[in-house]
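User: I would like to learn how to read a helix and its surroundings from a model. Could you take me through it step by step?
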Amino acid sequence: MKLIVDNVTLKLNNTVILNSVSLSAEQGVPHSIIGPNGSGKTSLLRVIAGVYKPTSGTVRIDGAGDPESIIYYLPAEPTVFPGMKVIDYLQIALGLRGLYGEKSIGEIREVLAEFQVDNYLQRDLSTLSSGERRLVYLAAAAATTRSVVIIDEPTAHLDLKWAITSMRNLLRHVQDKVFIFTTHDVNIASAFSEHTTVMSDGRVKASGSPREVYSRELLSRVYGVDLVEFTGPGGRRFYVPST
Amino acid sequence: MSAGEISKPIFLYKRNLLLTILAATALFILEIYIGPGRYPARQVTEALIHGRGPAATVILDIRLPRAIGAVLTGVILGISGLLLQVSLRNPLAEPYLLGVSGGASLGVMAALALAPSLGYMAMDIAGFIGALLAILLVILVGELTGYNVYSVILAGVAVGGMSASLAIIIYLAKLETHQLGILWIYGTLSLVGWSEALQLLVPALLALVYLAIYYSKFNLLLLGDEQAASMGVSPKALRRGMILVSTITVGMLTSYTGPIGFIGLMSPHIARMLVGSEVRRLSILTIPVAADLTLISDLLARNILPGEIPLGSMTALLGVPFFLYLLSRRPAET
């Protein structure tokens, strides 16, 4: 299975948000999208998820059916109904009518434990910290049976331990799926994706394996800051400020 | 977390559903047995079973249709409150506080001032038009404030207050001798006889059928617009439909009962406290809870004073403390 974004242009209120963007994300190859604020990352995810209709170009999924029933999209800041409990969110997000039954809970319980949300299932989502809330959303995304998982900023609000742990957990759960995520953290993208798309001003600047694509020059230019490069395990490259 | 602990909610849901339905049944029977006529229980039973005796007329032609009217009123207000809360993402929303009921009663009053002997259908339409104009004003404020929870409610209270004032003025100026008395202005079931109860079946069934068809989409709306849109729901169109159904049903209801507040606020909240937010369980439980609240309020309205208190005043007595509790509990979420 393969998700293909083919030459997508998106205009909102006569402003060009995405300009001839193409990418292809394959099953089992985690795909990151990076780029500075306003570069069109979130808009691109919304087009892929079907929230926005592209002005021109197409999004298609080869080897799968109706996108509405196979895509699981987690926005950066879901505006869930005020006063909703964690367990209600999980049940609704996963469409598990039998969540409260003995049968299906066994499957999801382990996922909840991996993200440590099993301790506050009865809490009101709005009373959780933003990090805890994020873990609930990620647990649902990890537990979905849908075969295309799209997450805007998976590690937002998470501390270093949970950013890493969550990405590891997610990768394990989506290993047979199409998985696309955006991130502001180049190092998260470098560590946890096998394919990357670098965006700037609504255009694709570079695309390919992070090992090949990421360079001090490219990222310093795209983000407009001086960076220093380190090479980590497996040849993955990481970046810190030059001063 | 054990499997038993997790499966507790389904048990609680069924138990709560059973209890609220039993309560509604008991209250329905009380509504028939207890009333200002003070008939002994034996005579009421005789009237119910054999259709005769000194109480027969009052029981069969007044209390029975009124009790049925109370249940239908609860169904309409409860579902309408739920639809408004979910569609506007506003836990404080309900038809009365959003000015829908007030707008409907103004519509009915205005129509009667123009033509005092209107049929049911014309009254229903007048109620709906008034309700629609009121909600459109509130939605306008919502659009301008990004549907801020409190701005929308304040706008609704203001529109409702203005509508009520205009309705009273029209009533005093032109309709003081009309059969829709002062009780109706404040909300009452005293005008609901058999034909009115039958007419109320229409909005009640409309609300129930709409809910049954669309509840799974309402669920997605709870996750936020983006996630709903990614699952094939058009949040805007769905919202419009929900608000329209709520406005039609409450508009029609109000032409028979006048404005009745807070049932639509309290019922979904009490149901949510019992079974959580998932809309299928929530809406199924909201219905008997709303019937319970309407029957309790009407029993009190009919029996605590020698004369009848308007039902709308009774529901406000119960609902305002509940509203204040919700206000004090909620952090400023928008």
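User: What should helix α11 (residues 263-275) of chain B span?

Analyst: In this predicted model, the 13 residues of α11(B), taken at 1.5 Å a residue, should span 18 Å, and because the end C-alpha atoms are 18 Å apart, the expectation and the model agree.

User: How many residues of α11(B) are buried?

Analyst: Burial is judged here by counting C-beta neighbours, with 20 or more within 10 Å taken as buried. By that criterion 12 of the 13 residues of α11(B) are buried, so that the helix is mostly covered; among them are B:I263, B:H269 and B:R272. Just after the helix, B:G276 takes a positive phi of about 85°.

User: Which residue other than glycine has a positive phi near 55°, and where is its place?

Analyst: That is B:Y147, whose place is in the loop between α5 (120-145) and α6 (149-174) of chain B; with 18 C-beta neighbours inside 10 Å, B:Y147 counts as partly exposed. B:R38, not a glycine either, has a positive phi of about 50° and sits in the loop between α1 (3-33) and α2 (41-50) of chain B, where, with 8 C-beta neighbours inside 10 Å, B:R38 counts as exposed.

Terms used. Residues numbered from 1 in each chain as written. Chains lettered and ligands numbered in written order. Predicted model: local features only at pLDDT ≥ 70, side-chain atom pairs only at ≥ 80, totals over all residues. Helix = DSSP H or I, 4+ residues; strand = E, 2+ residues; numbered from the N terminus. Expected span 1.5 Å × (residues − 1).
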